[in-house]
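Reader: Hey, can you walk me through this one? I'd like to ask a few quick things.
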Amino acid sequence: MLVVGCGLVVGGLVVLGWLAWQFWGTNWLAERHQQEVSTELEAGWAEGQDAVRTDFGRATAILRVPRWGDDYAVPVLEGSSDDVLSSGIGHMEDTADAGQAGNYVLAGHRVTNGEPFADFPELREGDLVHVETRTATYTYVLDLDGTELEVPFTDDWVLADRPRHPDGGPEPPRGTGKRLITLVTCSEIFHTDDRSVVFGHLVRTTPIER
Amino acid sequence: MGTMRSAVVSGAVVVALVLLGAWGAPAASAAAPDPYNPSVSTECGVTVPTRVSSGARLAISLRVTANSGADCVGDVRVQVRGADDGALRSSAAVLWSRTVRYEGEPLRLRGPALPDGRYVVTSQFNPDDASFADCDGRAVVTVGGQLPDDDPEGPGGSDDNDENAPAGGFLPDTGGPDLLWLLLGIGMVGTGAVVVARSRRREPAAVA
């Protein structure tokens, strides 16, 4: 019995240790990945590259959200693989590029892996979101609060060029143009099938000379 | 952000401890159905052009994703049937069928060249790992007629959702681990501690 009890305690501590790594260790690691990617991206931009291949994916932009602090700057990588999402924000496959017509969809962790969208519920309608690329900074204004729309992870209508809520719920307002941005993250701290979503539209393009 | 997360995690620990305390109660162990589905949800994405020209072979993109973030491995059966107003007719004959191996990476297939008309392309995923759920995907393609380049909407998509436009057909897993892991860890430590304490109490009695 003593052996069984000790085994259970050790096994439980291993599980709790793994959880601690998930909630704190992966953040520590991801922040280093983000710094590495940002450094490589800036260097690539200086050499004239629009996209820079890193160990964690192809980086194309840096996201800045003033609501989350003046120093908030997280690299955007192409795709939504685990490697990408553990090193920055993912630009969903086959959605529009930054500033282009269509829907520029970005996904990020709300907890673990750097948690770039940790404060997603604090977003408010009218908040600005800046996407910096090599050639321009695209400024979007959000059309929803961070808690206004939650959908199941299978609701791919939010990825459409012009998302229309199938049940008449929150969606990008009409008349805001064709150049949209959508931010997606998990709606709860622990694992969930629901995702929080905000939409926004492009209001300004500022060319950058490098 | 760290403060909020810590508060929520701490709250979850308290809830877990309360649940753990109630674990020993006979009523609790008898009722409480497991609210968690053991299967990992999957989503099948099948993408085809909205419209292709007459005589052109159909390009089909396949993608299977799991909400766990793990790679989906298994077989995907792809079929093309005739469609009536975009609806799949169960009586419609299968015009083209392939079964391909899916190893976690998106696939592109060259489909058939079809006569003018509307068709439904379906995909059915049969996972190797039984813990993954099956899934189906479908998309509609029109062969012949006005091509997208002539679309009066111009580039940037249509006014409404285009069922062929979204690529993955899923939203990635961007949350933390399952709450069950926390409950499991606390439960194991708690149970183990009780077992150790009881066994150590019995040892002196056995010696005496």
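Reader: OK, so how do strand S3 (residues 57-66) of chain B and S7(B) pair, and over how many bridges?
Author: Strand S3 of chain B and S7(B) pair in the antiparallel sense, over five bridges. Strands here are DSSP runs of E with at least two residues, helices are runs of H or I with at least four residues, and both are numbered from the N terminus. Two strands pair if DSSP finds at least two bridges between them. Before we go on: this is a predicted model, where local features need pLDDT of at least 70, side-chain atom pairs count only at pLDDT 80 or more, and totals for chains, interfaces and linings use all residues. Residues are numbered from 1 along each chain as its sequence is written, with chains lettered from A and ligands numbered from 1 in the order in which they are written.
Reader: Switching to chain A: how many bridges join strand S9 to S10(A)?
Author: Seven bridges, and strand S9 (residues 179-186) runs antiparallel to S10(A). A:Leu183 has A:Val198 as its bridge partner in S10(A).
Reader: What about strand S7 of chain A and strand S10 of chain A, how do they pair?
Author: Those strands, residues 136-142 and residues 194-207, pair in the antiparallel sense over seven bridges. A:Val141 stands opposite A:His201 in S10(A).
Reader: Now A:Ser86. Is that residue buried or exposed?
Author: A:Ser86 is buried, because 21 other C-beta atoms lie within 10 Å. The cut-offs are 20 or more other C-beta atoms within 10 Å for buried, 12 or fewer for exposed and partly exposed in between, with C-beta atoms placed from the backbone.
Reader: Where is A:Ser86 found?
Author: A:Ser86 is in the loop between helix H2 (82-85) and strand S4 (89-91) of chain A. Leaving out residues up to four places away in sequence, A:Ser86 touches A:Thr26, A:Ala30, A:His33 and A:Asn113. Contact requires C-beta atoms, placed from the backbone, within 7 Å.
Reader: Last one: how many residues does the contact take from each of chain B and chain A?
Author: The contact takes 43 residues from chain B and 57 residues from chain A. On the chain B side, the largest share comes from H3(B), with 15 residues.

Conventions:
Contact = placed C-beta atoms within 7 Å.
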